[in-house]
Amino acid sequence: MKLPNCTSEISEDQLKNIYNSVNQTSIQAVARLFKVLSDPTRVKVAQALTIEEELCVCDLAAITETSVASASHHLRTLKKHGLAKTRKQGKNIYYSLDDHHVHDLINIAVEHQHELEES
């Protein structure tokens, strides 16, 4: 498995273990997750939902400085891809992040960007 010209210190067994781990992951699904989050408005929506656990569409439209229709479109996309969920209360629909993994992913990305800007 190791390439003939490679002089790294990783053993053949280590390389095979890494290869097997990487190939057990649904790489396409992980890539889709990041593609969904590649839109700045969706990142703003997700970040807002890390600050306030639940928000309605009109609040998110105000935060993202978009129309309600646009915010709703971005929320549908996040929900469709398993990043957000809804709760209906009367006529209002409240959005939140799907689980702590999404919350952590957004917070880590934001924190990383802050660190890059400070250096």
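How many helices and strands does the protein have? In this predicted model, the protein has 6 helices and 3 strands. Along the sequence they follow the pattern α-α-α-β-α-α-β-β-α. The radius of gyration is 19 Å, well over the 14 Å that the globule rule gives for 119 residues, so the protein is more spread out than a compact globule. Taken along the principal axes, the C-alpha atoms fill a box of roughly 65 × 35 × 20 Å. Of the 119 residues, 24% are buried.

The surface carries a nonpolar patch made of Ile10, Ile18, Val22 and Ile27. Together these residues have about 320 Å² of accessible area. Ile18 belongs to helix H1, which covers residues 12-24. With a relative accessible area of 44%, Ile18 is partly exposed, because that class lies between the 20% limit for buried and the 50% limit for exposed residues.

Glu115 sits in helix H6, residues 100-118. Its relative accessibility is 45%, so Glu115 counts as partly exposed.

Glu52 is located in a loop, with helix H3 (40-51) on one side and strand E1 (55-56) on the other. Glu52 has a relative accessible area of 45% and is therefore partly exposed. Glu52 and Leu97 are 45 residues apart along the chain, and their C-alpha atoms are separated by 9.9 Å.

Methods
Residues are numbered from 1 along each chain as its sequence is written. This is a predicted model: local features need pLDDT of at least 70, side-chain atom pairs count only at pLDDT 80 or more; totals for chains, interfaces and linings use all residues. Side-chain values use heavy atoms; hydrogens and water are left out. Helices (H or I, at least four residues) and strands (E, at least two) are DSSP runs, numbered from the N terminus. Buried means under 20% relative accessible area, exposed over 50%, partly exposed in between (1.4 Å probe, protein chains only). Patches are made of residues with over 30% relative accessible area and no salt bridge: like charges are joined within 9 Å, nonpolar side chains (Val, Leu, Ile, Met, Phe, Trp, Tyr) within 5 Å. Accessible areas come from the Shrake-Rupley method with a 1.4 Å probe; for residues, only the protein chains shown count as cover. A salt bridge is a side-chain nitrogen of Lys or Arg within 4 Å of a carboxyl oxygen of Asp or Glu. The radius of gyration is taken over C-alpha atoms; the globule rule is 2.2 Å times the number of residues to the power 0.38.
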